[in-house]
Amino acid sequence: MPTRISPYLSFNGDAREAMTFYQSVFGGDLEIATFADMRSAEDASQNDLVAHSMLKGATGTVLFAADTTTPPEGAAAGAFSVALGGDDEAEVTGYWERLSAGGTVTTPFARSPWGALFGRCVDKYGIAWLVNMMPAGPA
């Protein structure tokens, strides 16, 4: 199996809702374990929060997420974006439309100087996405 980088997203109590949304975008199977399931809640108010979730999208996309109860010690704050790309225009355009719906488009999905359809958005959960559709070259 090749090495992959998969984003692990942190949320403030809405990880289940966000991951269900991403499942509606990417399809596939979603696994969710709560703090109660893992017997790791610090108190009863955390029982229903997501301790770990994994979405295996229909085309191989993998996202992980959890609700953050306390920031990890020593974790550096930083911005990030999730890059999504492919060469199937209908598929990638569909992802763009679903991810940007209800969010903020920061760069409209349009032909870029490098020839790809490209756009940037921040989805309704505050996650920044870079979406790139580069047509397949000649066979």
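Me: Which residue in β8 is the bridge partner of Gly85?
Reply: Asn132 is the bridge partner of Gly85. The model is predicted, so local features need pLDDT of at least 70 and side-chain atom pairs pLDDT 80 or more, while totals for chains, interfaces and linings use all residues. Residues are numbered from 1 along each chain as its sequence is written, and side-chain values use heavy atoms, without hydrogens and water.

Me: What makes β5 and β8 a pair?
Reply: Two strands pair if DSSP finds at least two bridges between them. β5 (residues 81-86) and β8 (residues 128-133) have 6 bridges, in the parallel sense. They therefore count as paired. Strands here are DSSP runs of E, at least two residues; helices are runs of H or I, at least four; both are numbered from the N terminus.

Me: In which sense do β7 and β8 pair?
Reply: β7 (residues 117-122) pairs with β8 in the antiparallel sense, over 6 bridges. Cys121 stands opposite Trp129 in β8. The two strands form a hairpin with 5 residues between them. Gly126 in the turn has a positive phi of about 90°.

Me: Why is α1 called roughly antiparallel to α2?
Reply: α1 (residues 15-26) and α2 (residues 89-100) pack at about 155°, with axes 9 Å apart. Angles over 145 degrees count as roughly antiparallel, so α1 is roughly antiparallel to α2. Axes are lines fitted to C-alpha atoms over the stretch in contact, and angles run from 0 to 180 degrees between N-to-C directions.

Me: Which residues in α1 meet α2?
Reply: Phe21, Tyr22, Ser24, Val25 and Phe26 in α1 meet Tyr95, Arg98 and Leu99 in α2; contact means heavy atoms within 4.5 Å.

Key: Parallel < 35°, antiparallel > 145°, perpendicular 65-115°, else oblique.
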